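Visitor: Could you walk me through this fold, one question at a time?
Guide: Happy to; let's have it on screen.

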Amino acid sequence: MKLSDSLVKNMVVTADLLNTINGGMSLPSTKMRKLEDCYELDVVAPGLSVENLKIEIHNRHLSVFHYLNYKAPNHTNEQEGAPNIVHLMPIPFDVELDSITALYEGKHLKVIMPFNELAEGYFRSIDIDTV
């Protein structure tokens, strides 16, 4: 079985991005806490600067990620990137989506997810209709 040159080059690029021989990658640490008025996601990602981290919300899912940049294997000077997920989680129903903020202090990224006060304590009795 013969491997194509492009397949081998792509495998080498992937191995170079993630291997530990060439410096490798350190794994981020995440911790979720429930406080009095919010959830707090604490992310420690050694080796990543705050400028490289991205936070997005898609359909009630929060993702914290960064791009792994590498030189394109087609012998040009172009840089390409592949997203690397640091943390992905569903956002709890009692969070006010429009009020989510992030703060970087020291080496910690803190994502603050305030509670939606309207989501708490809701109760309603529903009558059952008969046909």
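Visitor: Which residues does M113 touch, leaving out those up to four places away in sequence?
Guide: Keep in mind that this is a predicted model. M113 is among the residues with the most contacts inside the largest nonpolar core. Setting aside residues up to four places away in sequence, M113 touches M32, C38, Y39, L41, M89, V95 and I100.

Visitor: Which strands each supply at least two residues of that core?
Guide: The core in question is the largest nonpolar one, with 17 residues, and L41, L62, V111 and M113 have the most contacts inside it. Nonpolar side chains tend to be buried together in soluble globular proteins. Here, the strands that each supply at least two core residues are β2 (38-44), β4 (61-71), β5 (79-90) and β7 (108-114).

Visitor: How many of the seven residues of β2 are buried?
Guide: Start with the pairing: β2 runs antiparallel to β1 (residues 29-34), with six bridges between them, and also antiparallel to β7, with seven bridges. β2 is largely enclosed by the rest of the structure, because the number of its residues that are buried is six of the seven.

Visitor: Which residue of β2 does M32 stand opposite?
Guide: β1 and β2 are joined by a hairpin through three residues, and the two strands run antiparallel. Across that pairing, M32 stands opposite L41.

Visitor: Is D42 buried or exposed?
Guide: D42 sits in strand β2, and its bridge partner in β7 is K110. Beyond its neighbours within four places in sequence, D42 is in contact with S29, T30, K31, H108, L109 and K110. Buried means under 20% relative accessible area. D42 has a relative accessible area of 14%, so D42 is buried.

Visitor: Which side chain makes a polar contact of 3.0 Å with that of D42?
Guide: Look among the contacts D42 makes beyond four places in sequence, which include L109 and K110. The polar contact, at 3.0 Å, joins the side chain of D42 to that of H108.

Visitor: Stepping back, in what order do the elements of the chain run?
Guide: There are one helix and seven strands in the chain. Reading from the N terminus on, the order is α-β-β-β-β-β-β-β.

Visitor: And what share of the chain's residues count as buried?
Guide: The accessible surface of the chain comes to about 10000 Å², with 54% of it belonging to carbon and sulfur atoms. As for burial, the chain has 131 residues, and the share that count as buried is 24%.

Technical notes. Residues numbered from 1 in each chain as written. Predicted model: local features only at pLDDT ≥ 70, side-chain atom pairs only at ≥ 80, totals over all residues. Heavy atoms only, no water. Core = buried A, V, L, I, M, F, W, Y, C linked by side-chain atoms within 4.5 Å. Buried < 20%, exposed > 50% of the residue type's maximum accessible area, 1.4 Å probe, protein only. Helix = DSSP H or I, 4+ residues; strand = E, 2+ residues; numbered from the N terminus. Contact = heavy atoms within 4.5 Å. Pairing = 2+ DSSP bridges. Polar contact = N/O pair within 3.5 Å; in protein donor to acceptor, adjacent residues only side chain to side chain. Areas by Shrake-Rupley, 256 points an atom, 1.4 Å probe, with all protein chains shown as cover.
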